[in-house]
Amino acid sequence: MKLSEHKDLKKEILALPVKEKDKLLLRLVAKDKVLTEHLHFLLLEDESNLNDRVAFIKKEIVATLEELNTTPKTSAKDTLVVLRKLTKQINHFYKVTKADFEAIALKLEMFNAAPMKFRFKVHSLTKNHEQLLANYVVKAILMVLRKVDKLHQDLQFDLKEEVNSLLAKVYGSYIEKTAASLGLPKQID
C-alpha cells in the first residue's frame with residue numbers, strides 16, 4: 001500500500017499529535033538501516049566525514065585491485081566478483097551521502113584500476129566470464145557517463161581526463177567489440 005494512493009490516511013497522519021508522529025518516525029527510521037545511516041550523515045556529520053568516507057573506499061579500491069592485478073592467475077571471473085563487490089560499496093556510499101561527484105569519481109577510479117587483460121580463462125559450460133565482465137563494465141560505464149552528463153560543467157571538466165583514460169583503456173582491451181556494439185563513445189569532449 002502506497003501512501004500517495006490513500007490521501008485520507010496521509011491527512012490523518014499529519015493530524016496526529018507531534019509526540020505521536022515522533023514515535024512513529026523513530027520506529028520507521030529504526031527499521032531501515034540505510035535511512036538511519038543517511039540521517040546520521042545528514043544530521044551529525046560534516047565535510048570532513050565525507051572526505052573520510054571517500055578515503056576509506058579509495059583505500060579499499062586500491063588494496064583490492066592491487067592484489068587482483070598482482071595475482072598471476074587473475075581471471076575475468078575474479079575481476080567481475082571484485083568489481084561487483086566494490087560497486088555495491090560505492091552504491092551504498094551514494095545512498096548514504098547523496099554525493100554524486102564523489103560516487104562517480106570512485107567508480108571511475110575503480111574501473112581505471114581494474115584489470116582488462118587476462119592470461120588465463122575460466123572454462124565453464126554455461127558461462128563465458130569474459131563476455132559477462134565485458135557487458136558489466138560497458139553497461140556500468142554507460143551509466144556513469146549518464147551521471148557525468150547531469151553534473152555541472154565545471155565538475156564534468158574535472159572528470160574529463162579520467163573518463164577519457166578509462167575509455168581508451170576499454171577500447172585497448174578485448175572489451176572493445178562489446179563497447180562498440182553497446183554504443184560506448186571512444187572519448188568525451
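Mentor: Axes here are lines fitted to C-alpha atoms, for helices over the stretch in contact, and angles run from 0 to 180 degrees between N-to-C directions. This is a predicted model, where local features need pLDDT of at least 70, side-chain atom pairs count only at pLDDT 80 or more, and totals for chains, interfaces and linings use all residues. Residues are numbered from 1 along each chain as its sequence is written, and side-chain values use heavy atoms, without hydrogens and water.

Trainee: What makes α4 roughly parallel to α6?

Mentor: Helix α4 (residues 47-70) packs against helix α6 (residues 100-113) at an angle of about 10°. Angles under 35 degrees count as roughly parallel, over 145 as roughly antiparallel, 65 to 115 as roughly perpendicular and the rest as oblique. So α4 is roughly parallel to α6. Their axes lie 10 Å apart, and the crossing of α4 and α6 is right-handed.

Trainee: Which residues of α4 and α6 meet?

Mentor: From α4 come L50, V54, I57, K58, I61, V62, L65 and N69. From α6 come E102, L106, E109, M110 and A113. The contact of α4 with α6 has 9 nonpolar, 1 polar and 3 charged residues.

Trainee: Why is H38 called buried?

Mentor: H38 has a relative accessible area of 16%. Buried means under 20%, exposed over 50%, and partly exposed in between (1.4 Å probe, protein chains only). Therefore H38 counts as buried. H38 sits in helix α3 (residues 33-44). Beyond four places in sequence, H38 touches K95, V96, T97 and K98 (contact: heavy atoms within 4.5 Å).

Trainee: Why does K98 count as partly exposed?

Mentor: K98 has 46% relative accessibility, so K98 is partly exposed. K98 lies in the loop between α5 and α6. Its phi is near 60°, a positive value in a residue other than glycine. Most residues other than glycine have a negative phi.

Trainee: How do you know that L9 is partly exposed?

Mentor: The relative accessible area of L9 is 39%, so L9 is partly exposed. L9 belongs to helix α1 (residues 7-15). The C-alpha atoms of L9 and K98 are separated by 30 Å.

Trainee: Which residues have the most contacts inside the largest nonpolar core?

Mentor: They are F111, V137, I141, V170 and L184, in a core of 47 residues. Helix α7 (129-150) gives the most to this core, with 11 residues. V170, leaving aside neighbours within four places, is in contact with residues including M116, V137, I141 and L184.

Methods:
Helices (H or I, at least four residues) and strands (E, at least two) are DSSP runs, numbered from the N terminus. A crossing is left-handed if the near helix is turned anticlockwise from the far one by less than a right angle, and right-handed if clockwise. Ala, Val, Leu, Ile, Met, Phe, Trp, Tyr, Cys and Pro count as nonpolar, Asp, Glu, Lys and Arg as charged, and the others, Gly among them, as polar. A nonpolar core is a set of buried Ala, Val, Leu, Ile, Met, Phe, Trp, Tyr and Cys residues joined through side-chain atoms within 4.5 Å.
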